[in-house]
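Today I'm looking up contacts, the core, ring pairs and charged pairs.

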Amino acid sequence: MENGTNYPDQSGGVFLSPRHAAERGLTIARELARDGGWSGYSVVVTDERGRTITRIPIES
């Protein structure tokens with residue numbers, strides 16, 4: 001996630017395709033939105049080289 005601060009996923013999940021990774025990112029963003037306090041942050045899904053696949057804003 002990012003909003004000036006990064007909170008990387010230390011487990012480094014591997015997915016079958018970029019679409020599957022993006023879907024997981026969307027799930028995480030929705031869960032954080034329900035938790036509250038994350039508005040203004042984004043979940044950023046990257047590939048193994050650190051290239052952005054998608055960026056999902058968290059909206060409460």
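Which residues is alanine 29 in contact with, leaving aside its neighbours within four places in sequence? I'm working from a predicted model here. I looked it up and got Val43, Ile56 and Ile58.

Then the rings. I get one aromatic pair in the count. Tryptophan 38 and tyrosine 41 make that pair, edge-to-face, at 5.1 Å centre to centre with 75° between the planes. I call it edge-to-face because the cut-off for that is over 60 degrees. Tyrosine 41 is buried at 18% relative accessible area, while tryptophan 38 is partly exposed at 23%.

Last, the charges. How many salt bridges does the structure hold? I noted two.

- Glutamate 23 and arginine 19 meet through their side chains at 3.0 Å, N to O. Both sit in helix H1, four residues apart, about one turn of the helix. I have glutamate 23 as partly exposed at 40% and arginine 19 as exposed at 55%.
- Arginine 51 and aspartate 47 meet at 2.7 Å, N to O. Here arginine 51 is partly exposed at 46%, whereas aspartate 47 counts as buried at 18%, because the cut-off for buried is under 20%.

Conventions: Residues numbered from 1 in each chain as written. Predicted model: local features only at pLDDT ≥ 70, side-chain atom pairs only at ≥ 80, totals over all residues. Heavy atoms only, no water. Phe/Tyr/Trp six-rings, centres within 6.5 Å; stacked < 30°, edge-to-face > 60°. Buried < 20%, exposed > 50% of the residue type's maximum accessible area, 1.4 Å probe, protein only. Contact = heavy atoms within 4.5 Å. Salt bridge = Lys/Arg side-chain N within 4 Å of Asp/Glu carboxyl O. Helix = DSSP H or I, 4+ residues; strand = E, 2+ residues; numbered from the N terminus.
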